[in-house]
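Trainee: I would like a close look at one part of this model, and then its surroundings. Please take me through them step by step.

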Amino acid sequence: MRGYLARKTVIYGLTFVVAVTLNWLIPRLMPGDPVQRMVARAAVQHPETIAAMTAYYEQTFGLDLPLWQQYLNYWAALFRGDLGTSVWLFPAPVAQVVLDAVPYTLGIMIPAILLSFVVGNSVGAMAARSRWLDNVALPVGYLITAMPYMWLAILLAWGFGVALGWFPVAGGYDFGMVPQWSWAFAGDLLQHWVLPFLSLFLVSLGGWAIGMRNLIIYELESDYANYLSALGAPKRLVRQYAFRNAMLPQITGLALQLGTILGGALVTEIVFAYPGLGKLVLSAIQNQDFFLLQGTLLFVVIGVLLANFVIDIVYVLVDPRTRTGLTGATA
Amino acid sequence: MSLSVTDLRVHYRTLRGDVKALDGVTFEVADGEIMGIAGESGCGKTTLGKALIRLDTRMKHAGGTVALDGEKLPIADDGAMRRHRYREVSLIPQYAMSAMNPTRKIGRMIRDLLAAHNVRYTDVLPELERRLELVGLDAEVLKRYPIELSGGMKQRVVLVLSTLLNPSLLIGDEVTSALDVSSQKAVARALVEFRDHGFVRSMIVITHDISVLFQVADTILVMYAGHLAEKAPARTIIDEPLHPYTKMLIGALPKVGDRYEEQQLEGIEGRPPSLLDPPAGCRFRARCPLAHDKCAEAPPFREVAEGHQVACWAVS
């Protein structure tokens, strides 16, 4: 187990370095010059003023240094927790801007992932043994899984927001309110949360249900299920075993899906103008804000790596076959 | 009288109609008897084994009765049959290698199974450990996962597990087929030992390998195309078989001391008939060298000597 953890840590560490490097590189490869943009915003005409402002900004952002030095500085600053200053929201620090947005993204993602995983797997397991439910759940599951996130999000916004008027269609909270600890604000927050959450939840739900249904049917046909039944084990015990074993591939599936779900969350946020990381990424690109884009993507990368790491550990705990394989015990 | 099967018929439902895999089978297994069932693949031996404990979803009970210790078994009723499984009829499956849940420790799985039968694990644990030792396994295997055991070890664990509640009848389906010869011998010996210790009252051992049956079985039942051909003590089947099919089956086995460089080992010409729409009369007729007009009528399975039954018109 210790060797396994060490190996995993090294792999994740390497991935992190590569991701951070790409993260630093990509904004610099994008067309356009953020400093020019900031100077243009000031609307000055005098060439000397422009030169002075350009020099000041370049120094502030460390863009006057050679690339390799910028790269090293980036790493150094990273370990100090300093992600730089936002160009778009100058002079707000990137770390602060990102940290303000993270709760919104996590707030829709974590419940959507966990609930869709739990509900989807339960519905799938039930569908595997009820023909009626199977006939309903399977087509519905295929339908909602095939929907792109943003399309479902637009449908929901139109249906529940515009047509029925039950939920607001944009924002994280009402623009007339000031964020504070009060019941009224919490209620408002919740109302704005429902639709983005629902669109993420629904799209993931179908996939889990279909996968689980197929896995359960397969497990119930397996040798150990037949043997238990022949020895008079009740259906409940056999299904319990089948469910547990069918969960294993689903957990791997969850790890593989995380990136996709995250991408979906970002798109969904943009549809609902939800103030999370997705909206931040879009704004950063639109405003050529290197540092904000870098910072946001860094959080995304860290999030995905952490989640995958946790799933790796969970998998080893629930499946003994992976455990013995890595301690080198002989079968 | 331990087991008595009367005119048992089991069919497989297929898209092209019912396959009559077991078509009127009548026999008895006495207390303490180990009966071997032999025959080529598709003769109905596995179907017979399954029919006695658990029909799978494609199988249909088309008639006949099974009685164990004087009580009729409700073989067509899966729910009612559950009460009899494990305590009265038990099974060592064809697939002992994969018979245990790969993600549960063996002890935990046994505990779950016993709990489902209202037996406390701790009550049987000493006996379980004693029996594991008897087949040469350490009690420590209970704390392991199935993948940590070799094929032979798994086979022996399944043997102990299947017989833990001292069933009246144990069905062993191709128990030794997946094992190498030395493991085969150990398992075969364990089967006999378990009968001798009274862990199992009687046993039906199904295999295509007659040499294994000769080591284990008291009597051998030869099946052909869903019918019984011959039943006799093991020695008699090997030394003086009466049914032409049995003769050819035994004749197809290589013998120690014979050299097969010059002489060809004889197989049996032809194939068994389709069971979708089997021909009337004796089913071996088409391949039988002794066939004559009378064989168009099905021969009765009758006793020709003490404990020796044959279904053939040519045997008087």
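In which helix of chain A is Ala55(A) found?

Mentor: Two sentences of ground rules come before the answer. Residues are numbered from 1 along each chain as its sequence is written, with chains lettered from A and ligands numbered from 1 in the order in which they are written. This is a predicted model, where local features need pLDDT of at least 70 and side-chain atom pairs count only at pLDDT 80 or more, while totals for chains, interfaces and linings use all residues.

Ala55(A) sits in helix H3 of chain A, residues 47-60. Helices (H or I, at least four residues) and strands (E, at least two) are DSSP runs, numbered from the N terminus. Ala55(A) is exposed because it has 12 other C-beta atoms within 10 Å. The cut-offs are 20 or more such atoms for buried, 12 or fewer for exposed, and partly exposed in between, with C-beta atoms placed from the backbone. Val35(A) lies 20 residues from Ala55(A) in sequence and 9.2 Å away in space, C-alpha to C-alpha.

Now take helix H7 of chain A, residues 149-163. H7(A) has 15 residues and reaches 20 Å from its first C-alpha to its last, close to the 21 Å expected at 1.5 Å a residue (1.5 Å times one less than the number of residues). Tyr149(A), Leu152(A), Ala153(A), Leu156(A) and Ala157(A) are buried in H7(A). These buried residues pack against helix H8 (183-220) and H10 of chain A. Contact here requires C-beta atoms, placed from the backbone, within 7 Å. After H7(A) comes Gly165(A), with a positive phi near 70°.

H10 leads on to the partner chain. The contact between the chains takes 21 residues from chain A and 24 residues from chain B. On the chain A side, helix H9 (223-230), helix H10 (235-271) and helix H13 (320-327) each give two or more residues. H9(A) has the largest share, seven residues.

Next, the core. The largest nonpolar core has 151 residues (buried Ala, Val, Leu, Ile, Met, Phe, Trp, Tyr and Cys joined through C-beta atoms within 7 Å). Leu292(A), Ile204(B), Val205(B) and Val222(B) have the most contacts inside this core. Helix H5 of chain A, residues 94-127, gives the most to it, 13 residues.

Strands pair if DSSP finds at least two bridges between them. Three bridges join E11(B) to strand E12 (residues 308-310) of chain B, running antiparallel. Glu303(B) has Gln309(B) as its bridge partner in E12(B).

Last, the hairpin. E4(B) and strand E5 (residues 71-72) of chain B pair in the antiparallel sense over two bridges. Ala67(B) stands opposite Lys72(B). Two residues lie between the strands, and Asp69(B) takes a positive phi near 50° in this hairpin. Eight antiparallel bridges also join E4(B), residues 59-68, to strand E1 (residues 3-14) of chain B. Val5(B) has Val66(B) as its bridge partner there.

Note on methods: Two residues are in contact if their C-beta atoms, placed from the backbone, lie within 7 Å.
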